[in-house]
Structure formats: structure tokens, C-alpha cells
Amino acid sequence: MKNKTIIILDVLLAVAEVLLVFLSWVLSATMTEGVRSMLTSEGLRWFMGQFVYFTQTPVLIWLILLSMAYGCMHQGLFPSLVEGSWSRTGLFVSLATLAIYVVAILLLALPPHAILLSATGSLFPSPFSRAMVPIIAFGMILVSLANAFATRIFHSATDVFNSFAYGVSQASPFFLLYILAIQFYESLCFVFGC
């Protein structure tokens, strides 16, 4: 069901992009003020030259990191949760890893003049707030890896990389959705001068 919804959204965004291209051409041909055509040399240069620029946003990195964290949790932590087969060692190592990680992040963010505070000493906006998604993703990965190695679900670095790849493959429909959505938004901004 989830994949069908994403596929429908992908198709709708692709169709909307094609319609926008033709609408921009028609409106610019009728000399509508403030509208630029995507079918002119300027529009084609913009599309080809700026495509990479406007897709490389923090959202893309967040999507990659969270998908890797999901894969690691799915293969390294969820088996223990679903099967109810928590070993004492796995539970202890996971909780200890989580506690150490949280304390380390708090020490980097909360004391006066902490490294992750802004120049004015606030948390929002600051390096801490900008790194919130990576901090969460790395925490999920660390706890999952601690459990996976403690319970011998993972045996080598290959298992870790396979879990990352699994997460990215599971999130792949969202990558296309992201690219189509950001493309449509940027195209709207180009055509109507937002």
C-alpha cells in the first residue's frame, strides 16, 4: 500500500512537471508578464545547469542517513524486539551505548560555551539544531550495532554495510519522490519568479 501511494505521488509530480513546462511555454508565448518559459534556451540552461544544485539539500542527506539507520535497526535491533529474545548482554550493551551517547551529546550541547551552542549560547538555531537529524540517525545506528554485535546478529563489517544498503533500498521510492518534488518546486519558482 505504501509503495502504491508513493508511485501515485511520483506519477502526479511527473505529470505536473510536464504540464508546468507546457503551461510556461503557453503563458510566455502570450507574453504574460513575469512568466519564463522552460522551453527557451534560458529555461533549458537553467534546468540542466541547476539540477544538481537544487537537489543537494540537507533533506537528501537526512533521507540517506535515516534510511541507513532504519536498515541497521531493522536488521540489528528489530529481530531482538520482535522475537522477544532480548539477551541480558544485548540489552545491557544497547542501553549502555545509548546512555553514553546521550551523555556525550548533552555534554557537547548543554554546558555554557559548549561546542554545539551558537555564538550567542542558544540551542536554536545552532550547530546542535542543524545536526539534530544526523545526531538521531547516528544514535539509532550505534544502539542497533551495539545490540547486533552483542547478540551476534552481526558478525562482521559486511553485515553492517549490508544493513545500510538494505535501508537505502527500502527507502529508494522516497528518493525518487524527493527528486520529483524538489524539481517541481524549483520549476515553479523559475517559471513564476518566486
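Predicted model: local features only at pLDDT ≥ 70, side-chain atom pairs only at ≥ 80, totals over all residues.

**Entry 1: Phe154**

With that cut-off I listed the partners of Phe154, leaving aside neighbours within four places in sequence. Phe154 is in contact with Cys72, Gln75, Gly76, Leu145, Ala148, Phe149, Asp159, Val160 and Ser163.

Next I asked which residues make up the largest nonpolar core. I found 10 of them: Leu65, Ala69, Cys72, Ala137, Ile141, Leu145, Ala148, Phe154, Val160 and Phe164. Helices H3 (58–76), H7 (132–150) and H8 (157–192) each supply at least two residues of this core. H7 gives the largest share, 4 residues. Apart from this core I noted another, of 8 residues, including Leu20, Met38, Phe190 and Val191. As background for my notes, nonpolar side chains tend to be buried together in soluble globular proteins.

**Entry 2: the helices behind the core**

I checked H7 end to end. H7 has 19 residues and reaches 27 Å from its first C-alpha to its last, close to the 27 Å expected at 1.5 Å a residue. Its buried residues are Pro134, Ile135, Ala137, Gly139, Ile141, Val143, Ser144, Leu145, Ala146, Asn147 and Ala148.

I did the same for H3. The end C-alpha atoms of H3 are 26 Å apart, which agrees with the 27 Å that its 19 residues should span at 1.5 Å a residue. Buried in H3 are Leu65, Ser67, Ala69, Gly71, Cys72, Met73 and Gly76.

**Entry 3: aromatic rings**

How many aromatic pairs are there? I counted 8. I looked at two of them.

The rings of Trp46 and Phe54 have centres 5.5 Å apart and planes at 25°, so I logged the pair as stacked. Both Trp46 and Phe54 are buried. The rings of Phe51 and Phe54 have centres 6.0 Å apart and planes at 75°, so that pair is edge-to-face.

Phe51 and Phe54 both lie in helix H2 (residues 41–55), 3 residues apart, about one turn of the helix. An α-helix has 3.6 residues a turn, so residues three or four places apart point the same way. Still, I wrote down their accessibilities separately: Phe51 counts as partly exposed at 29%, while Phe54 counts as buried at 4%.

Ring pairs link Trp46, Phe47, Phe51, Phe54 and Phe190 into a cluster. I also saw that the charged end of Arg36 sits over the ring of Phe190, 4.1 Å from its centre.

**Entry 4: Ser24**

Is Ser24 buried or exposed? Ser24 is buried, with a relative accessible area of 0%. I found Ser24 in helix H1 (residues 2–29). Not counting residues up to four places away in sequence, Ser24 touches Val35, Arg36, Ser37, Met38 and Val191.

Met31 has a positive phi of about 60° although it is not a glycine. Met31 is in the loop between H1 and H2, and its relative accessible area of 74% makes it exposed.

Arg152 is in the loop between H7 and H8 and counts as exposed at 63% relative accessibility.

Which peptide bond did I mark as cis? The bond from Phe124 to Pro125 is cis, with omega near -10°. Pro125 is in the loop between H5 and H6.

That loop also holds Ala114, which counts as buried at 12% relative accessibility. Ala114 touches Leu107, Leu108 and Ala109, not counting residues up to four places away in sequence.

**Entry 5: the whole chain**

Last, I stepped back. The chain has 8 helices and 0 strands. Its radius of gyration is 23 Å, whereas a compact globule of 194 residues would have one near 16 Å. The C-alpha trace spans about 70 × 45 × 25 Å along its principal axes.

Of the 194 residues, 31% count as buried. Among contacts with a separation of 6 or more, 69% come from residues 24 or more positions apart.

How values were computed:
Residues numbered from 1 in each chain as written. Heavy atoms only, no water. Core = buried A, V, L, I, M, F, W, Y, C linked by side-chain atoms within 4.5 Å. Buried < 20%, exposed > 50% of the residue type's maximum accessible area, 1.4 Å probe, protein only. Contact = heavy atoms within 4.5 Å. Phe/Tyr/Trp six-rings, centres within 6.5 Å; stacked < 30°, edge-to-face > 60°. Lys NZ or Arg CZ within 6 Å of the ring centre and 35° of its normal. Expected span 1.5 Å × (residues − 1). Rg over C-alpha atoms; globule rule 2.2 N^0.38 Å.
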